[in-house]
Amino acid sequence: ERLLELMRKMFVPRGSIRVMKFICMEEPSAFFAALEELSWLRKDFELVQQLAQAINLSAAKDAHEKQIAYLLEVLASAGDMDQVKRWSSLAQVGIKELRRALDAASRAGKTELVAWLLSAIATTDTVATPNSSLNDLLL
C-alpha cells in the first residue's frame, strides 16, 4: 500500500516520462489512481496516451470501472480511436463507461470516434438487453 502511494506520487507535471511509463508497466493501479486523483493528468491527453500504451491490458484487469471510464474519457477527448477500441475491450467496460467516452468525444468534436462509440454502445446494449433500441440511447 505504501509503495503504491509512493509510485502514484511519481506522476507529476513535467516529470520523467520514462519513470511514469515504467510504473505503468509494473504497477498499472498506480497510474489509474493518479488518473482518478489528478485533474492535470486527465487534461494532458498526449501524456495519458503514451502512458496507456505502456500498460498491458491483462495487467489492468483489477482496475475499477470508474478508473477505466476516466481513461476512456481522456482517450476519447484526444480522438485516439485505436486506444479507445483497445481499452473498451476490457470486461470492466460497460454501457456507462462507453457513454462517458461518447460524451467526451462529442464535446471534443471527434465525429469518427462518436460514430464508432454509438455503434459499440448499440451492440453492447443489444447484447445486454435485446429489447432496447438506439433511439433510447440518443434520448
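1. Let me start with glutamate 97, which touches Glu65, Ala69, Leu72 and Gln92, leaving out residues up to four places away in sequence. Contact here means heavy atoms within 4.5 Å. Glutamate 97 lies in helix α8 (residues 95–107); helices are DSSP runs of H or I with at least four residues, numbered from the N terminus.

2. A word on the basis of these notes: this is a predicted model, in which local features need pLDDT of at least 70 and side-chain atom pairs count only at pLDDT 80 or more, while totals for chains, interfaces and linings use all residues. Residues are numbered from 1 along each chain as its sequence is written, and side-chain values use heavy atoms, with hydrogens and water left out.

3. Buried means under 20% relative accessible area, exposed means over 50%, and partly exposed lies in between (1.4 Å probe, protein chains only). A salt bridge needs a side-chain nitrogen of Lys or Arg within 4 Å of a carboxyl oxygen of Asp or Glu. A polar atom of the glutamate 97 side chain does lie 2.7 Å from the backbone nitrogen of glycine 94.

4. How many salt bridges does the structure hold? There are four. In one of them, glutamate 5 and arginine 8 meet through their side chains at 3.6 Å, N to O. These two residues are about one helical turn apart, because they sit three residues from each other in helix α1 (residues 2–8). Glutamate 5 is partly exposed at 35% relative accessibility, whereas arginine 8 is buried at 11%.

5. Arginine 8 also forms a salt bridge with glutamate 37 (2.9 Å, N to O). This pair links distant parts of the chain, 29 residues apart, with arginine 8 in helix α1 and glutamate 37 in helix α3 (residues 28–37). Glutamate 37 is partly exposed, with a relative accessible area of 48%.

6. Next comes the salt bridge between the side chains of lysine 66 and glutamate 36, at 3.6 Å, N to O. Lysine 66 belongs to helix α6 (residues 65–77) and glutamate 36 to helix α3, so their pairing ties together parts 30 residues apart in sequence. Both are partly exposed: lysine 66 has a relative accessible area of 44%, and glutamate 36 has 26%. As for shared partners, salt bridges join Glu5, Arg8 and Glu37 into one network.

7. Do look at helix α5 (residues 45–54), whose buried residues are Leu47, Val48, Gln49, Leu51, Ala52 and Ala54. They pack against α2, α3, α4 (39–43), α6 and α7 (81–88).

8. Finally, tryptophan 116 has its place in helix α9 (residues 111–128) and is partly exposed at 25% relative accessibility. Which residues does tryptophan 116 contact, leaving aside neighbours within four places in sequence? They are Met81, Val84, Lys85 and Ser88. Lysine 61 is 55 residues from tryptophan 116 along the chain, and their C-alpha atoms are separated by 23 Å.

How values were computed: A polar contact is a pair of N or O atoms within 3.5 Å; within protein, one must be able to donate a hydrogen and the other to accept it, and residues adjacent in sequence count only if both atoms are side-chain atoms.
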